[in-house]
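User: I'd like to learn how to read helices and sheets in a model like this one. Could you walk me through some examples?

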Amino acid sequence: MALIELKDVSLALGGPTVLDRVHFRVEPGERIALLGRNGEGKSTLLRLLSGDLQPDSGEILRPRKLRMGVLPQEVPSGLDGAVKDVVACGLAATSEAAHGETWQLDHQVDKVLTRMGLDPEAVFSHLSQGNRRRALLARALVGDPDVLLLDEPTNHLDIDAIAWLEGELQRFTGTLFFVTHDRAFLRGVAGRIIELDRGRLRDWTCDYDTFLARREELLRTEQAQWAEFDRRLAEEEVWIRQGVRERRTRNQGRVRRLLEMREERRVRRAQTGEADFQIQDADRSGRLVVRIRNLEFAWGDRTMVRDFSTMIMRGDKVGILGPNGSGKTTLLRLLLGELQPSAGSVQLGSNLRIAYFDQQREQLDETRTVQENVAESGGDSISFGGRSLHVITYLQKFLFTPDRARSPITHLSGGERNRLLLARLFTRPANLLVLDEPTNDLDLETLDLLEDLLMEFDGTLLLVSHDRDFLDNVTTSTLALEGDGRITETVGGYSDWARVSVAQRLRAEEEKKKERKAGGPRPAAAAPAARPRKLTFKEQRELEGLPLRIEELETEQSDLHGRLADPALYRGEPARVADLKSRLDAIVAELPPLYARWEELEALR
């Protein structure tokens, strides 16, 4: 039996139809990702599913005692007080939970707060954005819901928190329905993909990469069919203009078909166009872009950067990652000269033209329209690529209609604000792009375009992001802030840093074990000098077998993810789920030591 079923549901909110006679079922145990362009109505559909909004027509069926937990995209207004009290509000959404004994309710709240790593007595309004998201997720989970609705759950979370969230959701035994733009998260969690496109829902029931290929083929077919339809319509329009003679009784059927074709063409909804923006290249900078020597910086008693030195050269694309509050934005401001270091120096290269994307969107003037925020001089044109361009024409490349371009920015969604910031940023020629969380709230198509632009950009890039795929695809080196002032520099993107980080952590743990067995660390002077040596025969054989073993485990891991993402498993063989999850956990635990051992033996060789 379906947990939620939509029957012939339609909804319009003053603009284009959000849902047009939609049929849709949510089955127990499914993990459904809802995708769609910015403005298509994904958050609206979640509100319909939760019961916060009613359709214009059709019906939404739910079991009477269905327990639902909801994580909204934005923090609801009016939430304040201790974190424990905010989380306890989630029990009110579940009538059975809300009528339990007081000690039972307190135990439920304490248990979920412990899982989330939250301080019960902390003031909710004083939390960081990331910890507010944790608290809201705790509020959604505390009632042990049958269905969990999540709207952009990775927003404002750092990479460690996103990985933690993936683990929590993989352990969640209920039904999951979520909206996200994080491709790595999507691949790791979703087993079924629903796309909201021009008021209709398309059900793909496949993984994300298969969805991309199938959707591309469907859109090509649609365009070919529309082209053929338009050709036939044009022929009929020529026929009808031949004169009254052609409208005799025997041709009335053809006239009626023409009128029907005209109506079909009139109501056709073309897909929202793709953004078509470009980066204006400035003259080349000097070969050295930034030289950092022994950099130190502290806020009060807290050290944000400790003894850090590096050089950034022209053409480098540097990713900056770290936990929330570790100082990523502070590091950018130090590099740009907006903050003065406590010690050390930052030397900027010659002929730099800098464009800075601010994640807090403070560069936007809330009192002005979209158009006025881009054309700062107050005129109606901008200079782009050496020529004058009307600001409305320019904004249409960023998917702003003329009406939207003339509206106040207070009417914009989060994704539209980020697109506006990009539009404003790219009016200025630059050879050093500094982007602080540019991917938040962008739809997947715009994200892909921005990714391609940055990969082709000839200048230098400093990028703060928690999007793992984005970092992997764009960056050539990584600065990882550890949270205690230390900064680790590695070659490559997020995945390369993650491998190095795991190997270093395992080596450190192994050293601690050896020290404990030996009765504590030896004095530095007593440590024998390290001598290079060759691999033994046994180690050589081990090294030869490790890649095959790792490949076997990774293949099995991928197969298990696919099986666990299949809704049929939960309906047909629910008893197998626990065994498969147990095996997956075992593989996840086995792989890191194998990676570390492989790296160790390769280094010896």
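Analyst: Happy to; we'll take a sheet, then a helix, then a single residue. Keep in mind that this is a predicted model.

User: Great. What is the strand order in the open sheet of three strands, and how do the strands pair?

Analyst: The general idea first: strands of a sheet pair through backbone hydrogen bonds, either parallel or antiparallel. Here the order is E11-E10-E13, with antiparallel pairing. Strands E11 (302-313) and E13 (343-348) are the edges, each pairing on one side only. From one strand to the next, the twist averages 15°. E10 (residues 288-299) and E13 are joined in the antiparallel sense over five bridges, and isoleucine 292 stands opposite valine 346 in E13.

User: Which helix packs on the sheet?

Analyst: That is H10 (residues 328-335), which touches E10, E11 and E13. Its direction makes about 125° with that of E10.

User: Now a helix. Which residues of H17 are buried?

Analyst: In H17 the buried residues are Tyr494, Trp497, Ala498, Ser501 and Ala503. They pack against several elements, including helix H6 (159-171), helix H20 (574-604) and strand E20. H17 itself (residues 494-517) has 24 residues and spans 35 Å from first C-alpha to last, close to the 34 Å expected at 1.5 Å a residue.

User: And threonine 490: why does it count as buried?

Analyst: Because its relative accessibility is 9%, and buried means under 20%. Threonine 490 lies in strand E20 (residues 487-491). Leaving out residues up to four places away in sequence, threonine 490 touches Ser477, Thr478, Trp497 and Val500.

Technical notes: Residues are numbered from 1 along each chain as its sequence is written. This is a predicted model: local features need pLDDT of at least 70, side-chain atom pairs count only at pLDDT 80 or more; totals for chains, interfaces and linings use all residues. Side-chain values use heavy atoms; hydrogens and water are left out. Helices (H or I, at least four residues) and strands (E, at least two) are DSSP runs, numbered from the N terminus. Buried means under 20% relative accessible area, exposed over 50%, partly exposed in between (1.4 Å probe, protein chains only). Contact means heavy atoms within 4.5 Å. The expected span of a helix is 1.5 Å times one less than its number of residues. Two strands pair if DSSP finds at least two bridges between them. Axes are lines fitted to C-alpha atoms, for helices over the stretch in contact, and angles run from 0 to 180 degrees between N-to-C directions.
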